[in-house]
Amino acid sequence: MSTAASAITATAAVVRSAGAPFTLETVRLDAPRPDEVLVRVLAAGVCHTDLSVRAGLTPGPLPAVLGHEGAGVVEAVGSAVTRVRPGQRVVLTFDSCGGCPSCHAGLPVRCDHWPELNLFGGSRLDGSATLRAADGTPLHGHFFGQSSFATYALATERNAVPVPDDVSPELLAPLGCGVQTGAGAVLLVLRPEPGDTLAVFGAGAVGLAAVLAARLTPATAVVAVDVQPARLALALELGATAVVDARTEDPVAAIAALTGGRGAERTLETSGNLRALRQAVDSLAVGGTCGVVGAPPAGSEVALDVPALLGRAPRIVGVNQGSAVPARFLPALAALHRAGRLPVDRLVRVYPFAEIERAAEAARSGEVVKPVLLMP
């Protein structure tokens with residue numbers, strides 16, 4: 001097993017302030033500590049969370065290197081690392097502390113330190129920076145335990161998951177967040193039963209990953225709801241049995257009509273739109289479950305019909321990262337893709353790292369479902 005390498009330089013996309021562009025700069029990464037892993041990044045997906053932090057809509061310290069859907073090759077490992085080895089292909093996903101009660105129970109997504117390790121901290125738990133500008137000035141890194149908008153990333157062995165070498169890195173990268181979140185919400189949380197209807201609100205990367213995953217369940221009907229005709233057409237190609245254009249139709253009435261007035265046994269809100277969330281709850285059958293994935297700005301609230309809650313007994317469940325255990329779930333997703341059962345390639349368009357601004361705009365505008373950066 002390799003010992004830790006010396007500090008390394010990398011090219012990273014740095015956001016200097018809220019609303020500022022990504023600028024490619026030379027940065028310096030620390031050598032891996034005992035539980036850390038140095039990864040040469042081959043590809044990184046662009047997620048709306050990255051863009052939300054850059055815009056200042058989601059709290060996150062700046063200046064920073066973002067990126068949290070990395071895929072690459074392990075270059076060096078710390079002295080205590082046992083789960084990965086140099087030369088292995090890995091997908092980078094969310095981080096966890098490994099020591100709190102939830103982590104000990106095998107539930108890393110419920111880690112006591114999830115917010116500071118993944119979104120708000122910008123550093124290790126002890127406050128130390130993982131990377132610096134070329135002049136030695138500390139930068140906020142460790143975004144989702146990786147900051148993978150860079151040619152190298154420093155992760156931990158807990159969030160670097162070994163995957164097969166024969167899947168292209170641009171298809172592995174989205175598994176770490178977007179695909180894991182959408183597929184996990186369906187397969188691990190909602191778990192449609194035979195005869196059920198699943199309605200997915202939002203046909204972005206997470207929503208379409210949910211549609212793909214729904215094909216692996218016994219759900220009888222899968223309904224996609226969105227406002228972009230192209231996304232709805234793609235949803236039909238990927239396995240949706242019906243679509244609802246929310247610009248011209250009332251989704252609640254449309255889903256009622258599709259289900260003979262019963263409503264959907266399962267709904268999933270992925271867009272972060274509060275009106276869509278209310279519609280997802282109102283579309284439920286009696287005793288149905290609504291999974292909430294979409295993340296509007298902090299402090300957002302939605303009004304609910306309380307008497308309807310009492311009479312219809314819905315369950316409303318917040319879902320983070322698909323409630324997945326990445327070490328088990330990500331290799332399974334990769335295997336499903338290899339078998340042709342999870343065609344995530346239908347969601348991806350590749351951009352050179354130098355064109356990160358173009359990729360970000362394609363994601364923001366909805367032109368592309370999942371832009372993925374290829375590193376030089």
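This is a predicted model: local features need pLDDT of at least 70, side-chain atom pairs count only at pLDDT 80 or more; totals for chains, interfaces and linings use all residues.
**Entry: helix α1 and its surroundings**

I next examined α1, residues 48-55. Within this helix I found Asp50, Leu51, Ser52, Val53 and Arg54 to be buried. I then asked which elements the buried residues of α1 pack against. They pack against the strands β1 (8-15), β2 (22-29) and β3 (36-45), and also against α12.

I turned to the pair α1 and α12, the latter covering residues 356-365. Their axes lie 10 Å apart, and the packing angle is about 105°. I therefore class α1 as roughly perpendicular to α12, since angles of 65 to 115 degrees count as such. On the α1 side I listed His48, Leu51 and Arg54. On the α12 side I listed Glu357, Ala360, Ala363 and Arg364. By type, the residues of this contact comprise three nonpolar, one polar and three charged.

**Entry: helices α5 and α6**

How do α5 and α6 cross, and at what angle? I found that the axes of α5 (residues 178-190) and α6 (residues 205-214) come within 7 Å and cross at roughly 45°. That angle makes α5 oblique to α6. I noted the crossing of α5 past α6 as right-handed.

For the contact itself, α5 contributes Gly178, Val179, Thr181, Gly182, Ala183, Val186 and Leu187. These meet Val206, Ala209, Ala210, Ala213 and Ala214 of α6. I counted the residue types of the contact of α5 with α6 as nine nonpolar, three polar and no charged.

**Entry: the six-stranded sheet**

I traced an open sheet of six strands, in the order β13-β12-β11-β14-β15-β16, with parallel pairing. Which strands stand at the edges? They are β13 (242-245) and β16 (315-318); each has a single partner strand, so one side of each lacks a neighbour in the sheet. Neighbouring strands are turned against each other by 15° on average, direction ignored.

I followed one pairing in detail. Strand β11 (residues 197-201) pairs with strand β12 (residues 221-226) in the parallel sense, over five bridges. In this region I saw Val200 standing opposite Ala224 in β12.

Helix α6 lies across β11, β12 and β14 (264-269). I noted that α6 runs at about 165° to β11.

Methods
Residues are numbered from 1 along each chain as its sequence is written. Side-chain values use heavy atoms; hydrogens and water are left out. Axes are lines fitted to C-alpha atoms, for helices over the stretch in contact, and angles run from 0 to 180 degrees between N-to-C directions. Helices (H or I, at least four residues) and strands (E, at least two) are DSSP runs, numbered from the N terminus. Angles under 35 degrees count as roughly parallel, over 145 as roughly antiparallel, 65 to 115 as roughly perpendicular and the rest as oblique. A crossing is left-handed if the near helix is turned anticlockwise from the far one by less than a right angle, and right-handed if clockwise. Contact means heavy atoms within 4.5 Å. Ala, Val, Leu, Ile, Met, Phe, Trp, Tyr, Cys and Pro count as nonpolar, Asp, Glu, Lys and Arg as charged, and the others, Gly among them, as polar. Two strands pair if DSSP finds at least two bridges between them. Buried means under 20% relative accessible area, exposed over 50%, partly exposed in between (1.4 Å probe, protein chains only).
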